[in-house]
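Here are a few friendly notes to read with the structure open beside you. Take them one point at a time.

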Amino acid sequence: MSRAWLIGAGPGDVELLTLKAARTLALADVVLVDDLVNPEVLQFARGDAQIVHVGKRGGQQSTPQSEIVATMLDHLRAGRSVARLKGGDPFVFGRGGEEQQALQAAGIHVEIISGITAGIAAPAAVGIPVTHRDHAQGVIFVTGHGAGEHEADWRALAATHMTLVIYMGMRRLNEIVDALLRAGMPPDTPCAAIESATRPEQRHVRATLSEFVQRVAQAQLGSPSIVVIGGVASLAAPVDAMLKP
Ligand code: SAH
C-alpha cells in the first residue's frame with residue numbers, strides 16, 4: 001500500500017536531519033521537496049526515486065499549494081509512496097497542517113515526521129538559548145510575513161517580555177521594529193538576526209533594537225533569516241568569533 005509522509009528536513013545542516021526522516025526517505029517512490037531544503041538531504045532518497053522540486057520561497061514564484069496536493073494525490077492513487085520534505089519542522093510555518101488536512105479530506109492518512117525548526121536551531125547556532133531563567137520565561141514563534149488584518153499584535157507580544165523569534169521577518173523588519181518601539185519595548189533590547197543558519201554560509205548580526213534595522217541593512221542580511229528579540233539575544237556570539245578560518 002502506498003504511504004504518505006510529511007517530513008521535516010531540519011534547518012540546513014544535513015546532520016540535523018532525524019534518523020527517522022533519513023530512514024523514511026529511503027522508502028519513498030516520490031519525494032516532493034521545498035526550496036529551503038538542503039539538497040544534500042536527498043542522498044537518503046532511493047536512487048530511482050522521483051524528485052519533484054516545489055518552490056516556496058517568500059516573494060518568488062512558488063508552486064501553488066493546490067498543485068502540490070494534487071501532485072501528491074496523483075502519485076498516491078497510482079500506488080506510489082510519497083514523502084513531502086519541508087525545511088525545519090513541517091508543522092511550524094510550513095503549511096504542513098494545510099497539506100495534512102487536504103490529504104485527510106481525500107481519505108489519506110499522512111504520517112508526520114518532526115524536524116528541528118529554524119526558530120530554535122538558528123539562535124542555537126550562534127549561542128542563543130530561546131529560553132533562559134535570567135531572561136525569558138517563554139518564547140513566542142511568530143511570522144513577520146503578515147500585514148493588515150494578518151499582522152501580529154506586536155504591542156501584546158511586547159507586553160509578554162518573552163523571547164520573540166520571528167520567521168520570515170526580514171522584508172518587514174523596519175515596520176516590526178517600529179511597532180515594538182512604539183509599544184514601549186526598550187530601545188536597548190538585545191536583538192539578533194541569523195541568516196542561513198547551520199549552513200556553511202551562515203552569518204549573523206547582533207544589535208540593540210534601536211540600531212537593529214540599520215545594522216542588518218549594513219550587513220546586507222537577507223532571506224532566509226531568523227530574528228530573535230529579547231534578553232537572550234545578548235548571549236549571541238560576537239560576530240567576529242564566528243568567522244571561519
Ligand atoms: N518549517 C520551517 C519554517 C518555514 S518558513 C521551520 O520549521 O524552520 C521559512 C522561514 O524559516 C524563513 O523565512 C526563515 O525565517 C526561517 N528559516 C528556515 N531555515 C532557515 C535557516 N537555515 N536559517 C535562518 N532562517 C531559516
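1. Let us start with a definition: a residue is buried under 20% relative accessible area, exposed over 50% and partly exposed in between, using a 1.4 Å probe and protein chains only. Phenylalanine 93 is partly exposed because its relative accessibility is 37%. This residue sits in the loop between strand S4 (82-86) and helix H3 (96-105). Helices (H or I, at least four residues) and strands (E, at least two) are DSSP runs, numbered from the N terminus.

2. A word on the source: this is a predicted model, where local features need pLDDT of at least 70 and side-chain atom pairs count only at pLDDT 80 or more, while totals for chains, interfaces and linings use all residues. Residues are numbered from 1 along each chain as its sequence is written, and side-chain values use heavy atoms, leaving out hydrogens and water.

3. Now look at the rings. Rings of Phe, Tyr and Trp (its six-membered ring) pair if their centres lie within 6.5 Å; planes under 30 degrees apart are stacked, over 60 edge-to-face, and the rest tilted. The structure has two aromatic pairs. One of them joins phenylalanine 141 and tyrosine 167 edge-to-face, with 6.0 Å centre to centre and 70° between the planes. This pair links distant parts of the chain, 26 residues apart: phenylalanine 141 belongs to strand S6 (residues 139-143) and tyrosine 167 to strand S7 (residues 163-167). Ring pairs link Phe93, Phe141 and Tyr167 into a cluster.

4. Is tyrosine 167 buried or exposed? Tyrosine 167 counts as buried, because its relative accessibility is 8%. Phenylalanine 141, at 33%, is partly exposed.

5. Next, helix H3. Its buried residues are Gly96, Glu99, Gln100 and Leu103. They lie on the same side of H3, because they cover an arc of only 100° around the axis (the arc is that of the directions from the helix axis to the C-beta atoms). An α-helix has 3.6 residues a turn, so residues three or four places apart point the same way. The face turned away from the buried side of H3 carries the exposed residues Gln101 and Ala105.

6. What do the buried residues of H3 pack against? Their partners are strand S1 (4-8), helix H2 (65-77), S4 and strand S5 (110-113), where contact means heavy atoms within 4.5 Å. After H3 comes glycine 107, with a positive phi near 80°.

7. Finally, threonine 24 lies in helix H1 (residues 19-25). Threonine 24 counts as buried, at 3% relative accessibility. Apart from neighbours within four places in sequence, threonine 24 contacts Trp5, Ile7 and Ile113.
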